[in-house]
Amino acid sequence: MAHRIGYIVGSLSTDSINRVLSQALIGLAPPSIEMSEISIRALPLYNRDDELDPVDAVTVFKEAIEQAEGLLIISPEYNRSIPGPLKNAIDWGSRPWGHNSFARKPTGIIGASTGAIGTAVMQSSMRSVLSFLNAPQLNAPEAYIRFDPEHYGADGRVTDAGTSQFLTHYMGEYAAFVERVLSLTAPGHVGDRD
Ligand code: FNR
């Protein structure tokens, strides 16, 4: 059966290039994974006062992360860092203390920007956040996408051969990484000590 992957789009914009990228990645993913969105749109601003009795949107978000077998974060870079709405979502998912939904969740990070840096600085910040949250991450290949609208159709279909090849390779490596982590963290595996 295909592994259930939750993907998070780090932009709330209706014409988000990262949403286009997410559609492209779904189209190019191998059959061993099944992608469904974990939306961050309905989350309120994080407030520690509400941690123990959060609104439903927070509970739904945390459950979706926990039920996914892997996560793929597809995000823009804002001011050389993680967009506020996405960091807000991660903060909710990480709490309350002792109930970090990201722990041991195999995670990939990819992003598109209009600039040449292709979200590299956002991804670097995100790696440090996810490391703290004990989420194993796909180290390579890295994917810093400078978005060229001419390479994508309206439905996110990739029309450029080189882009298609690169993204297909990325998704294949991501799926293999998820498989590897899941096999190492399966209950009863000799390396699983806690
Ligand atoms: C940007 N953009 C941007 N691009 C980049 O490569 N590095 C950056 O640090 C920033 N900073 C930044 C801050 C803010 C507040 C905005 C709105 C934009 C440009 C960004 O790449 C572009 O707007 C993308 O289209 C954003 O992705 P989505 O929302 O279209 O998916």
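Let's start with helix α1. α1 (17–28) lies across β1, β2, β3, β4 (107–113) and β5, and runs at about 130 degrees to β4. Helices here are DSSP runs of H or I with at least four residues, strands are runs of E with at least two, and both are numbered from the N terminus. "Across" rests on contact, meaning heavy atoms within 4.5 Å. Axes are lines fitted to C-alpha atoms, for helices over the stretch in contact, and angles run from 0 to 180 degrees between N-to-C directions. Helix α4 (residues 120–132) packs on the sheet too, touching β3, β4 and β5. The direction of α4 makes about 160 degrees with that of β4.

A word on the model. It is predicted, so local features need pLDDT of at least 70 and side-chain atom pairs count only at pLDDT 80 or more, while totals for chains, interfaces and linings use all residues. Residues are numbered from 1 along each chain as its sequence is written, and side-chain values use heavy atoms, with hydrogens and water left out.

Now the sheet. It is open, with five strands in the order β2-β1-β3-β4-β5 and parallel pairing. Two strands pair if DSSP finds at least two bridges between them. The edges are β2 (33–37) and β5 (144–146), each pairing on one side only. From one strand to the next, the twist averages 25 degrees. β1 and β3 pair in parallel over five bridges. I8 has its bridge partner in β3, and that is I73.

Next, S11. Where is S11 placed? In the loop between β1 (3–9) and α1. S11 is buried, at 5% relative accessible area. The scale: buried is under 20%, exposed is over 50%, partly exposed is in between, with a 1.4 Å probe and protein chains only. A polar atom of the S11 side chain lies 3.1 Å from the backbone nitrogen of S13. Leaving aside neighbours within four places in sequence, S11 is in contact with S16, P76 and Y78.

On to charges. How many salt bridges does the structure hold? Six. The rule is a side-chain nitrogen of Lys or Arg within 4 Å of a carboxyl oxygen of Asp or Glu. One of them joins R4 and E69, with the closest N and O atoms 3.6 Å apart. R4 is in strand β1 and E69 in the loop between α2 (56–67) and β3 (70–74), so this pair ties together parts 65 residues apart in sequence. R4 is partly exposed at 40%.

Another joins E77 and R80, at 2.9 Å, N to O. E77 is buried at 12%, whereas R80 is exposed at 51%. K87 and D91 also pair, at 3.0 Å. They sit four residues apart in helix α3 (residues 84–93), about one helical turn. K87 is partly exposed at 30%, and D91 is partly exposed at 26%.

Last, the rings. Rings of Phe, Tyr and Trp (its six-membered ring) pair if their centres lie within 6.5 Å; planes under 30 degrees apart are stacked, over 60 edge-to-face, the rest tilted. That gives two aromatic pairs. Y46 and W92 have centres 5.0 Å apart and planes at 70 degrees, so they are edge-to-face. Y46 lies in the loop between β2 and α2, and W92 in helix α3, so parts 46 residues apart in sequence are tied together. W92 is buried at 2%; Y46 is partly exposed at 27%. F147 and Y152 are stacked, 4.6 Å centre to centre and 15 degrees between planes. F147 is buried at 13%, and Y152 is buried at 9%.

Technical notes: Polar contact = N/O pair within 3.5 Å; in protein donor to acceptor, adjacent residues only side chain to side chain.
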